Amino acid sequence: MAVLLTIVALLAVGTRAQESTVYVENPRDSDATLNLEPVTTGGFNAILVNGADRKLLGQIGRTLFSPFVDEEIEGGTLISYGTTNLTVNTLYDEEREARGIKFTWLAETGIRLEDCINFGTDHWYAGPMQVDQLYPIENAAQTYSANYNKETDNGAIMERYWLNSAGEYVYVHSEVPLFVDYKNLYNNHLCFGAQIANPYSNRRTRIVLAYDIWFLPDVKSAHKHAVDNYLGKPLDIPDELMVRHPIWSTWAQYSRDIDETKLLDFAQQILDNGFNNSQYEIDDQWEVCYGSLTVNQEKFPDFRGTVSSLKELGYRVTIWVHPFINLNCEPWYSEALNSGFFVLDESGSPNTTWWNNNGTVAGYIDFTNPRAAEWWYLRVSALLENYDIDSIKIDAGEASFAPEISDLTGDIELQPHILVQEYAKVCARFGKMIEVRSGFRNQDLPIFTRMVDRDSIWGLNNGLPTIITTTFQMNLNGYPFVLPDMIGGNGYNLDHDQADLPTKELFIRWVQANTFLPVMQFSFAPWNFDNQTVEISRKYVDLHAEYADVIIKAMEKAVSDGTPVNAPLWWLDPTDEDALVIWDEYLLAETILVAPILTEGATSRDIYLPAGTWFEEGDHNRTVEGPTWLRNYPAPLDTLPYFVKEVTESPNSQASISNSIFLVSMGIIFHYFFM
């Protein structure tokens, strides 16, 4: 058959009123169907059926209760609830032999749409960056809230992509005014809402809820498909020296209390303790006021000379910048305001706040306005040129820092996240040494993406373990060039119940956990503790440098085919049930497995090794055959457990595609009952 059968059975008051049959074109024959079965509480249960197998995909149209009508359209079916329309189309990727479903709801602006995807018994990955970055995410907390780049809940990387262990993934399109909920609106479901509410403008002319669901043989092939068709790949790798040697930042060591003497003293201490560097980062409060991009001469009477002295010591020098100008930071604030360079809300106000507003308000440069973006770019460029500074560290960027609801340039259905995209694009013009911390559809940029600040604690509530789980989140959302937060954490989050400066043990375990990630960034200094801390830190900085070529090759592979630089263990075997849930071990370049200590006081841990031959610390005389668990593997304070996999050449093979896996090559059977 070249078509799929769609049967619509309409029953009234328990009596069969009529039957109609609609044929929907399908690109490939199959025995499977998608049944949309009405639910009395609203909408349909979407059920994938293949023979006797039935799998609940989810419940769609949950806010809609009135009778519907349907009609055949090219490539699918159109269902209408009055003025609210749903189109369901089949998708087929011949090269991958992958099948999918496209759901597209269109409604008037007063409607709230809601579709929920069943978590089922599968494990789920990707999704938004969060403070409690759990992995897998089926047990994560996500209360119905707007899905856009925001400071709340660490929402700096906010791609609309979810992936599961069965080889299924969901991608929600950018034009959707999206809200997301895990398990609160509907138990054990990932729910998508679409409505006009902050931060989405009521100037939108319609409500769109559009997403694609694809079905592949396993989680790895599904993710590769998503990279090729939605997420994209970086165009190039960022700066290599930032991989080879650490970044040294003034932030945690000195906070805002920096001056010429402290900069030069810190730089000399780094060298005196035997550490190399990729660059020296001058952080917060070097400006006369926030957004002036003008050096405070009371702190730095000869700033060009200070930068020159740092370079004579062998450093490249970078400086911290942001997209804000504080009110009363004159004349720069007035210049930007009078020129129309700030983001305005829909009432015309530029007023917003950020963490450094110092009791006043601020304006956020409107990077969707090409003139404003160029003004900011030229001012930063002049700063770098005047003082011979090599590059910049870029902070903030989340759309939530702009006044809401923002009135931006460009397609209103791409707002407010278009502001994040344009900010990152302007920043990337400064070259490969930069780092940004917020991203939306910026996976192509050849720059580092920095994690939002971690707290100096042990737990999964934004502590040490989350540098691993967040690295997974970032890689699986298409951002493989991860710059973890400063080793030891921020140390200054006084809003956190457990906030404090890092202990010696936490600092050392943080150094170790960071060793096989792309970049090591220090701020709290190892010599703040004792000589042992210095020696252990230097040991792992040197180990990181030894493996820098491996990291760089992994980054090049990310450019060529989208492979994560630091993948979860299931990347080696997507059918391995143990590997699908392990969150406290990670891979580098598919050949190195790292199992750091993440628990306070621990000197051993259990380690899982997937199939293959593994060498402890790369030593070919210490061989372990996987798959296996190593129970109570010793890891005293100076030890990071890691294993190098033996690589054997074998021809590439692709698993055959099972009909039982691809339940979605489907006809669409609708059963509608009403009383």
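At what angle do the axes of helix H10 and helix H11 cross, and within what distance do they come? In this predicted model, the axes of H10 (residues 504–514) and H11 (residues 531–546) cross at roughly 10° and come within 9 Å. Because angles under 35 degrees count as roughly parallel, H10 is roughly parallel to H11. On the H10 side, the contact is made by Lys504, Phe507, Ile508, Val511, Gln512 and Asn514, and on the H11 side by Gln532, Thr533, Ile536, Ser537, Tyr540 and His544. Sorted by class, this contact of H10 with H11 has 5 nonpolar, 6 polar and 1 charged residues.

Phe303, Arg304 and Val307 of H5 make the contact with Glu385, Asn386 and Tyr387 of H7. By class, 3 nonpolar, 1 polar and 2 charged residues take part in the contact of H5 with H7.

Within H5, the residues Phe303, Thr306, Val307 and Leu310 are buried. They cover an arc of only 95° around the axis, and therefore lie on the same side of H5. The buried residues of H5 pack against helix H4 (260–272), strand E19 (279–282), strand E20 (317–321) and H7. Just after H5, Gly314 adopts a positive phi of about 105°.

Turning to the strands, an open sheet of 8 strands with antiparallel pairing has the order E6-E7-E8-E9-E17-E14-E13-E11. E6 and strand E11 (124–126) stand at the edges with a single partner strand each, so one side of each is left without a neighbour in the sheet. On average, neighbouring strands of this sheet are turned by 20° against each other, direction ignored.

Glu72 stands opposite Thr77 in E7, and the bridge partner of Thr77 in E8 is Val88. E7 and strand E8 (residues 84–93) also run antiparallel, joined by 6 bridges.

Helix H1 (residues 219–231) lies across E8, strand E9 (98–107), E11, strand E13 (161–164), strand E14 (168–172) and strand E17 (207–215). H1 runs at about 160° to E13.

Notes:
Residues numbered from 1 in each chain as written. Predicted model: local features only at pLDDT ≥ 70, side-chain atom pairs only at ≥ 80, totals over all residues. Heavy atoms only, no water. Axes fitted to C-alpha atoms, helices over the stretch in contact; angles between N-to-C directions. Helix = DSSP H or I, 4+ residues; strand = E, 2+ residues; numbered from the N terminus. Parallel < 35°, antiparallel > 145°, perpendicular 65-115°, else oblique. Contact = heavy atoms within 4.5 Å. Nonpolar A, V, L, I, M, F, W, Y, C, P; charged D, E, K, R; others polar. Buried < 20%, exposed > 50% of the residue type's maximum accessible area, 1.4 Å probe, protein only. Arc of directions from axis to C-beta. Pairing = 2+ DSSP bridges.
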